[in-house]
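Keep the structure open as you read.

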Amino acid sequence: MVFKAAKRAGWLPQGDNYPKASHVGFGLVLGEDGKRFRTRNTEVVRLVDLLDEAKNRSKAALIERGKGEEWTEEEIESTADAVGYGAVKYADLKNNRLTNYTFNFDQMLNDKGNTAFYLLYAHARICSIIRRSGKDVEEVKNKGTLVLEHKDERDLGLHLLQFAEVVEEACTNLLPNVVCDYLYNLSEIFSKFYSNPECKVIGSDKETSRLLLCEATAVVMRKCFNLLGITPIYKI
């Protein structure tokens, strides 16, 4: 009835044309007691309150790391927005929508593991690598050549090539967690590449090629963030 009413109102096209609406099932958000997530007085928790709390915790963590002395208030606020709101969104979307999951702020805002904070940090680190090279990345893209000789370079390149297939799978099955899994694995594969002494980026004789690989990784990460409704950060 909802979908028919939307079509009669002109919000959805007639027939099976795009955009089209689908009804999908989803699991429950649980508290740490294993029961449906509520406040202590058994009221349903409002999303705006969760987002505000996530932002406040993110801001406190940034100040604790000493960013209050290094960054402007605007930078603190925008980063706290991105990390706090992104943490709540990612924690919800990384799970298969049919399964239940436990809501836990500490886990969401952890800088290790499959969390938005970890992934945003990974993206910021890649951007820092490119900045430290002192190269104009647009010029590198126009004139540089990508050569993937080391196994870790090839593994990263092959994973980047899977992006289009992952997006198609996520859209076909209406499962955003597929994009989350891909993004987390991308971050892990990049970390393995960058931490390998044989794959040194800045100052190596393959700097141009590896900078291109870094930039390609950052671009695909930003595409994933965009699909998930998460704002990327460029320094932390």
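The protein chain carries 33 positive and 34 negative charges, and their mean positions are 4 Å apart. Lys and Arg count as positive here, Asp and Glu as negative; His and the chain ends are not counted. Each charge is placed at NZ of Lys, CZ of Arg, CG of Asp or CD of Glu.

This is a predicted model: local features need pLDDT of at least 70, side-chain atom pairs count only at pLDDT 80 or more, and totals for chains, interfaces and linings use all residues. Residues are numbered from 1 along each chain as its sequence is written, and side-chain values use heavy atoms, with hydrogens and water left out.

The C-alpha trace of the protein chain spans about 60 × 50 × 30 Å along its principal axes. Its secondary structure comes to 11 helices and 2 strands. Both are DSSP runs numbered from the N terminus: helices are H or I with at least four residues, strands are E with at least two. Read from the N terminus, the elements run α-β-α-α-α-β-α-α-α-α-α-α-α.

The accessible surface of the protein chain is about 14,200 Å², and 52% of that belongs to carbon and sulfur atoms. These areas come from the Shrake-Rupley method with a 1.4 Å probe; for residues, only the protein chains shown count as cover. Of the 236 residues, 37% count as buried. Buried means under 20% relative accessible area, exposed means over 50%, and partly exposed is in between (1.4 Å probe, protein chains only). Contact means heavy atoms within 4.5 Å. Among contacts with a separation of 6 or more, 71% join residues 24 or more positions apart.

An unreviewed UniProt entry records "domain: DALR anticodon binding" over residues 119–236. UniProt positions follow the numbering used here, feature names are shortened, and annotations may be inferred rather than shown by experiment. Over residues 119–236 the chain is 72% helix and 0% strand. The end C-alpha atoms of that stretch are 12 Å apart.

Before that stretch, look at two local sites. Pro19 lies in the loop between α1 (2–8) and β1 (29–30). A cis peptide bond joins Tyr18 to Pro19, with omega at about -5 degrees. Further on, Met108 sits in helix α5 (residues 105–108). Met108 is buried, with a relative accessible area of 6%. Leaving aside neighbours within four places in sequence, Met108 is in contact with Ala87, Val88, Ala91, Phe103 and Thr115. Its C-alpha atom is 8.2 Å from that of Tyr90, which is 18 residues away along the chain.

Which residues of helix α9 (residues 163–173) are buried? They are Phe163, Val166 and Ala170. Seen down the axis of α9, these residues fall within an arc of 65 degrees, so they line one face of the helix. The arc is that of the directions from the helix axis to the C-beta atoms. An α-helix has 3.6 residues a turn, so residues three or four places apart point the same way. The face of α9 turned away from the buried side carries the exposed residues Ala164, Glu165, Glu168, Cys171 and Thr172. Cover for the buried residues of α9 includes α8 (151–161), α10 (177–195) and α11 (207–228).

Gln162 is found in the loop between α8 and α9. Gln162 is partly exposed, at 36% relative accessible area. Gln162 and Tyr182 are 20 residues apart in sequence and 8.8 Å apart in space, C-alpha to C-alpha. Leu174 has a positive phi of about 55 degrees although it is not a glycine. Leu174 is partly exposed, with a relative accessible area of 36%.

Next comes Asn177, in helix α10. Buried or exposed? Asn177 is buried, with a relative accessible area of 9%. Not counting residues up to four places away in sequence, Asn177 touches Leu93, Lys94, Asn95 and Asn96.

Two further helices complete the tour. Ala216 lies in α11 and is partly exposed, at 28%. Ala216 and Leu156 are 60 residues apart in sequence and 9.8 Å apart in space, C-alpha to C-alpha. Asn142 is found in helix α7 (residues 137–143). Asn142 is exposed, with a relative accessible area of 66%. The C-alpha atoms of Asn142 and Asp181, 39 residues apart along the chain, are separated by 31 Å.
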